[in-house]
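Dear colleague,

I am passing on the structure we spoke about, with my notes below it. Please read the two side by side.

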Amino acid sequence: MHLDGNARSNSINGYRNVAEAAFAFVVDSVRDEQCDLFLVVGDLFDHSRVKAHDIDFVCDQFNKLDCHVVVIPGNHDVHDDHSVWKRFETDRLGKNVHFLLDAEGTRIDLSDLDLSIWGRAMTEHTPENKPLQGAGAKPNATWNIGLAHGQVVNTPTEYVSSTISEDEIKESGFDYLALGHVHVWQDYDLGNTVACYPGSPVKAFATTRGGFFALLTLQDGRVTLEKREVPAPTDVEENKYFHFAPGV
């Protein structure tokens, strides 16, 4: 999302910028589809110096949802000494919002959904950072989901930061691996794991292959991905789906 209400000041439909507008559209879609889970896989913020109104905006959006929300930091909003994630007040987020902020990895079990989620907080975007390191064995839950922010590569290299090898994905044991970092849509079927970069929902931050989010269905032992488009600013005025009001 790369939210930053100050650096991108082209307002649209009451939002400070196209990133806020796109995020609101995705959140409304999550609610309208009655999703059980919303995954944000890094770079929700463009940097850690965002203003209070950016954090307020995210809290307001998350509070529109009744489902579980799981978030990990990315390379733009790393969880370091100056982390933006330290500025959130827990009581403003609600019990269903989960930030995975452990540099060694965190696993949470959502028994109401019969699934388990694992993800690592990025503290430094370097070649030494391995987003899938420590993922561990498959849990007892029916569904095993992973979150990883980094670059998928065929062969590991010491010159690229935060790499995720295809072999690591195959051996991960995840039914689904939610990927962040690449701004365009790209999906993989590796071993028993389906993995996907939905890309940035903000068309302006990507090529023509950007401006999407992934709608995931887990049913009868199968993972199904649906590619959903987020309207570009020129489309917004004619798209009622884009507008929202409290209680709608």
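Predicted model: local features only at pLDDT ≥ 70, side-chain atom pairs only at ≥ 80, totals over all residues.

Residues are numbered from 1 along each chain as its sequence is written, and side-chain values use heavy atoms, with hydrogens and water left out.

Six strands make up an open sheet of mixed pairing, in the order E4-E5-E6-E9-E11-E10; strands here are DSSP runs of E of at least two residues, helices are runs of H or I of at least four, and both are numbered from the N terminus, while two strands count as paired if DSSP finds at least two bridges between them. At the edges, each pairing on one side only, are strand E4 (106–110) and strand E10 (186–190).

E4 runs antiparallel to E5, to which five bridges join it, and Asp109 has Ser116 in E5 as its bridge partner. Four residues lie between these two strands in their hairpin, where Asp114 takes a positive phi near 55°. Five of the five residues of strand E5 (residues 115–119) are buried, so this strand is largely enclosed by the rest of the structure; buried means under 20% relative accessible area with a 1.4 Å probe, protein chains only. Leu115, Ile117 and Gly119 point one way from E5, whereas Ser116 and Trp118 point the other way.

On its other pairing, E5 runs parallel to E6, again with five bridges, and Gly119 stands opposite Leu147 in E6. Strand E6 (residues 143–149) is in turn joined by five bridges to strand E9 (residues 176–180), also in parallel, with His149 opposite Gly180 in E9.

His149 is also among the residues that Asn75 touches, together with Asp43, Met122, His125 and His181, not counting residues up to four places away in sequence; contact means heavy atoms within 4.5 Å. Asn75 lies in the loop between strand E2 (68–72) and helix H3 (90–93).

The largest pocket has a volume of about 950 Å³, and of the 41 residues that line it, the closest to its centre are Leu37, Phe38, Leu39, Val40 and Ala214. A pocket is an open set of points on a 1 Å grid over the protein atoms alone, where a 1.4 Å probe fits, with protein on both sides within 12 Å along at least five of seven lines, and lining residues have an atom within 4 Å of a point; the volume is the space filled by probe spheres set on the points. E12 gives the most to this lining, with seven residues.

With best regards

Technical notes:
Buried < 20%, exposed > 50% of the residue type's maximum accessible area, 1.4 Å probe, protein only.
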